[in-house]
2 protein chains.
Amino acid sequence: MTKRRKTRKVRIGNVEIGGNAPISIQSMTKTDTKDIAATLREIAELKKAGCEIARIAVKDRDSINPLKKIIEKARMPIEADIHFIPQLALDAIDAGAAAIRLNPGNIKRQEDIKAIVKSAKAAKIPMRIGVNSGSLDVKAKSMSDKMVKSALNYAKILEKAGFHDIMISLKSSDVLETIEAYRKMSRLCDYPFHLGITAAGPFVNATVKSSIGVGTLLQEGIGDTIRISLTDNSVKEVEVAKYILSSLKLRRFGPEIISCPTCGRCQVDLLGIVKNLQSRLSTMDRGPWTRRPLTVAVMGCEVNGPGEASCADIGIAAGKGSGVLFRKGKIVRRLKESEFISALIKEIKACYEYTKSVCNGPRDYRRR
Amino acid sequence: MTKRRKTRKVRIGNVEIGGNAPISIQSMTKTDTKDIAATLREIAELKKAGCEIARIAVKDRDSINPLKKIIEKARMPIEADIHFIPQLALDAIDAGAAAIRLNPGNIKRQEDIKAIVKSAKAAKIPMRIGVNSGSLDVKAKSMSDKMVKSALNYAKILEKAGFHDIMISLKSSDVLETIEAYRKMSRLCDYPFHLGITAAGPFVNATVKSSIGVGTLLQEGIGDTIRISLTDNSVKEVEVAKYILSSLKLRRFGPEIISCPTCGRCQVDLLGIVKNLQSRLSTMDRGPWTRRPLTVAVMGCEVNGPGEASCADIGIAAGKGSGVLFRKGKIVRRLKESEFISALIKEIKACYEYTKSVCNGPRDYRRR
């Protein structure tokens with residue numbers, strides 16, 4: 001992994017973006033903003049899943065009062081998503097938004113932009129220049145150049161007004177185009193980047209596209225906050241975001257299951273066991289200690305099983321209707337298949353108790 | 001994208017690997033090899049999903065006769081997966097396997113390896129040196145170095161016996177370790193690579209890890225055939241593999257849905273529409289013409305909708321219970337929400353008919 005790109009730090013509410021802060025996870029509500037209860041419910045679910053910033057569409061004047069009430073009650077900073085109508089940005093700032101996202105493709109008049117900047121400056125909140133390939137009005141050779149040019153032009157207007165609390169996103173539904181755009185932009189400014197692939201599609205395809213796009217950039221040290229777009233439940237967006245960050249060891253969110261795909265050698269119901277373990281882990285107390293990195297191997301046979309299981313903190317390598325429990329590379333004991341789940345849960349809990357007793361807390365937790 | 005790494009070409013049955021052949025998709029059966037009917041059913045499902053090579057575990061002598069029958073009836077080349085018992089490799093070659101995978105961690109005696117090489121050479125089939133981080137016996141500074149060293153040592157034995165029809169895989173359940181290993185190896189030999197993350201875990205996490213790992217390497221021109229390991233149905237492995245290749249424009253497998261994640265602006269049931277469209281597309285005739293690249297945008301509102309919809313081959317940008325149908329950037333007509341699916345399917349079919357009439361076939365199809 002390359003060193004992370006040096007970026008300015010901005011703050012969305014209590015969440016730091018850039019300047020070496022942990023890479024934060026955001027999502028966007030899919031409920032009608034005017035339905036306050038439904039939107040608050042979605043935000044609560046997002047928070048429980050690990051989301052740290054929620055974006056909300058502010059479509060019209062009738063959304064401003066609901067936005068205000070949502071901001072008051074949401075236990076998470078809210079970024080207002082503004083398009084077409086500059087007045088809505090001013091109103092959203094008045095309503096208490098912790099950040100504003102503008103789309104250079106549809107809020108263009110200099111005097112409008114300047115008025116929004118003035119208001120954001122007074123409220124001490126940052127602005128995101130959120131470029132999407134689907135709404136661009138600049139000319140350049142390639143789509144990535146168009147996105148970069150659009151963002152740079154917009155940033156200049158903000159800078160001229162003495163405003164630097166800027167985040168930038170350059171999203172296309174094309175993975176390669178998006179990667180190219182962020183790479184180019186990373187050499188041209190030090191503003192923190194919000195990463196994402198836009199309109200990435202239905203769940204599986206969007207997960208693949210986002211993992212490749214966001215994952216490639218993060219490996220190059222590019223990216224300060226991420227939002228995974230899925231045509232699916234917003235909680236799943238957070239789940240995918242967490243897996244991307246943990247796969248790259250940028251953050252950890254508790255136990256990770258290492259499990260084999262199974263094959264003709266497997267003589268236990270590994271898929272069932274892993275599903276069961278996942279569901280048990282998801283209902284475990286999500287307190288700070290359970291965010292400690294921990295690998296739990298569940299391997300279906302003797303080929304890679306013992307190896308993988310012994311590298312993991314805890315592991316089981318299964319045989320015929322039975323298995324061997326490992327702890328930090330050492331065999332603990334033999335188990336029946338029916339004992340796998342309870343033994344693993346017990347070991348995981350013991351690991352947390354142990355960590356709690358010897359250190360001051362998991363790193364990721366302390367930094368939030 | 002970097003130019004693809006130059007590699008020697010090997011053949012698994014009718015599928016070319018390396019030497020600029022299209023990147024092929026493989027999977028591994030999860031059924032008991034001795035259950036011939038179940039294994040053949042799984043192979044048929046894999047084929048329907050787009051899998052091009054199936055690997056089968058050969059666990060013991062009792063698996064050899066079933067393997068032979070499976071090879072005779074499977075409409076796909078079969079790679080035999082061998083561990084621990086050298087004789088099984090010889091028997092699998094006799095049974096007609098199109099390729100043999102050996103694990104350097106557990107078939108080690110020089111004379112055993114030489115006997116297998118001799119038999120593979122006579123049968124004109126390639127061998128894969130399939131290193132897994134969970135079963136290694138070499139010493140080196142890092143895990144990636146260990147994997148590389150293990151594969152190189154093994155390759156030397158094969159080379160000394162005059163055998164060069166070699167494929168190499170270096171799989172760890174750690175994404176960064178795996179990427180590092182393949183990168184190092186790519187500078188040390190010209191054998192084609194089989195890419196994958198091993199024991200990647202349950203569906204979503206494994207999809208994320210595999211997309212990042214395999215996607216990163218493919219962008220660097222590394223990789224000739226891929227296998228996605230999921231603790232889930234093998235058909236899903238093929239689905240994820242196809243999405244990885246199509247996201248990077250390395251291969252295309254028919255229509256791609258570009259759809260927005262929806263937000264408070266959306267006034268149609270976009271999730272429902274997209275799911276419905278997906279299921280309609282999956283049951284469409286999978287003949288060669290339907291493998292033509294085609295982007296179908298389904299956008300929930302006016303913000304990026306018209307832009308994304310107009311860049312796509314076909315698209316809908318929805319408004320309140322209605323939408324606008326685009327074809328190659330031009331508005332065709334306004335539609336009611338209830339007409340979305342049938343209109344899109346009709347347009348997709350018309351696109352295929354058009355392609356069929358003006359060219360010799362989609363590129364990806366001609367190359368297989």
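B:Ala199 is buried, with a relative accessible area of 0%. In this predicted model, B:Ala199 sits in the loop of chain B that runs between strand S9 (194–195) and helix H7 (203–219). Its contacts reach into chain A: beyond the residues up to four places away in sequence, B:Ala199 touches A:Ile258, A:Ser259, A:Cys260, A:Pro261 and A:Met299, along with B:Ser173. Let's take a friendly tour from there.

**Contacts between the chains**

- B:Ser247 belongs to helix H8 of chain B, which spans residues 234–247.
- Is B:Ser247 buried or exposed? At a relative accessibility of 6%, B:Ser247 counts as buried, because the cut-off for buried is under 20%.
- Which residues does B:Ser247 contact, once neighbours within four places in sequence are left aside? They are A:Val175, A:Leu176, A:Asn205, A:Val208, A:Lys209 and A:Ile212.
- Within chain B, the side chain of B:Ser247 reaches the backbone oxygen of B:Tyr243 at 2.6 Å.

**A buried aspartate and its partners**

- B:Asp313 is found in the loop between helix H10 (305–311) and strand S13 (314–318) of chain B.
- With a relative accessible area of 12%, B:Asp313 is buried.
- The side chain of B:Asp313 makes a polar contact with the side chain of B:Lys328, at 2.5 Å.
- A polar atom of the B:Asp313 side chain also lies 2.8 Å from the backbone nitrogen of B:Thr295.
- Setting aside neighbours within four places in sequence, B:Asp313 is in contact with B:Arg292, B:Pro293, B:Leu294 and B:Thr295 as well as B:Phe326, B:Arg327 and B:Lys328.

- Most residues other than glycine have a negative phi, so the next two residues deserve a look.
- B:Asn20 has a positive phi, near 70 degrees, and is not a glycine.
- B:Asn20 lies in the loop between strand S2 (15–17) and strand S3 (24–28) of chain B, and its relative accessible area of 52% makes B:Asn20 exposed.
- B:Thr262 is also not a glycine, yet its phi is positive at about 65 degrees.
- B:Thr262 is in the loop between strand S11 (255–259) and helix H9 (270–282) of chain B, where it counts as buried at 7% relative accessibility.

**Chain A as a whole**

- How many helices and strands does chain A have? There are 12 helices and 15 strands.
- The radius of gyration of chain A is 23 Å, which agrees with the value near 21 Å that a compact globule of 368 residues would have.
- Along the principal axes, the C-alpha atoms of chain A fill a box of roughly 75 × 45 × 35 Å.
- Of the 368 residues in chain A, 63% are buried.
- Among contacts in chain A with a separation of 6 or more, 65% come from residues 24 or more positions apart.
- Chain A has an accessible surface of about 14,400 Å², and carbon and sulfur atoms account for 49% of that surface.

Definitions and conventions
Residues are numbered from 1 along each chain as its sequence is written. Chains are lettered from A and ligands numbered from 1 in the order in which they are written. This is a predicted model: local features need pLDDT of at least 70, side-chain atom pairs count only at pLDDT 80 or more; totals for chains, interfaces and linings use all residues. Side-chain values use heavy atoms; hydrogens and water are left out. Helices (H or I, at least four residues) and strands (E, at least two) are DSSP runs, numbered from the N terminus. The radius of gyration is taken over C-alpha atoms; the globule rule is 2.2 Å times the number of residues to the power 0.38. Buried means under 20% relative accessible area, exposed over 50%, partly exposed in between (1.4 Å probe, protein chains only). Contact means heavy atoms within 4.5 Å. Accessible areas come from the Shrake-Rupley method with a 1.4 Å probe; for residues, only the protein chains shown count as cover. A polar contact is a pair of N or O atoms within 3.5 Å; within protein, one must be able to donate a hydrogen and the other to accept it, and residues adjacent in sequence count only if both atoms are side-chain atoms.
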